[in-house]
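Okay, thanks for coming, everyone. Let me put the structure up and walk you through it.

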Amino acid sequence: MRHIPSTAVSAAAALLLSVGGASAAFAADPSPNQSAAAAQLCTDLNELRSDATALFGLNPASATKDQVKSAYNDVRDEWGEVSKSTAAWNAAQKEAVKSAADGLKKTWDDLPGNATGAEAATKLKPQAQKLDSAVKSARTGLKCPG
């Protein structure tokens with residue numbers, strides 16, 4: 001259950017780190033390409049937050065291992081998309097997102113191979129909530145719509 005490549009989680013953390021500086025970078029060069037890049041980053045952050053919300057929203061009483069793994073993979077994959085669309089952003093926001101993504105990865109990696117869906121969902125929920133909060137803060141800093 002815990003055989004998720006660490007590079008994927010690291011990439012997601014790097015993406016979130018990159019998001020923090022995007023606001024300043026986009027403000028410095030308000031060209032149409034920068035606006036499009038900022039809009040794409042906001043879209044990707046929205047999707048990452050949605051995936052993190054779905055992960056921490058799993059009901060430990062009924063979640064299966066496959067459901068937890070699928071939700072985790074969605075977060076990991078969306079982190080990859082965020083990392084592709086970021087520029088340099090605020091160091092504090094970057095660190096908050098990276099720390100939250102790293103915490104989620106560590107919790108995932110520390111799950112025993114025989115963990116049930118309920119155990120996995122229970123352990124991942126607080127970390128997914130931290131990631132959600134960090135992404136929400138980054139989105140606010142970037143002034144993402146919605």
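Residues are numbered from 1 along each chain as its sequence is written, and side-chain values use heavy atoms, with hydrogens and water left out.

Let's start with helix 5, residues 117–142. Its 26 residues reach 35 Å from first C-alpha to last, close to the 38 Å expected at 1.5 Å a residue (that is, 1.5 Å times one less than the number of residues). Helix 5 bends by about 35° at Lys125, with Pro126 following within four residues; the bend is the angle between axes fitted to the seven residues ending there and the seven starting there. Just after helix 5, Lys143 has a positive phi of about 60°.

Now, confidence. pLDDT is the predictor's confidence in each residue, from 0 to 100. The chain's mean is 75, and 68% of its residues reach 70 or more. Helix 5 is highest, at 90, and helix 1, residues 6–28, is lowest, at a mean of 38. Where pLDDT is low, the predicted coordinates should not be read in detail.

Methods
Predicted model: local features only at pLDDT ≥ 70, side-chain atom pairs only at ≥ 80, totals over all residues. Helix = DSSP H or I, 4+ residues; strand = E, 2+ residues; numbered from the N terminus.
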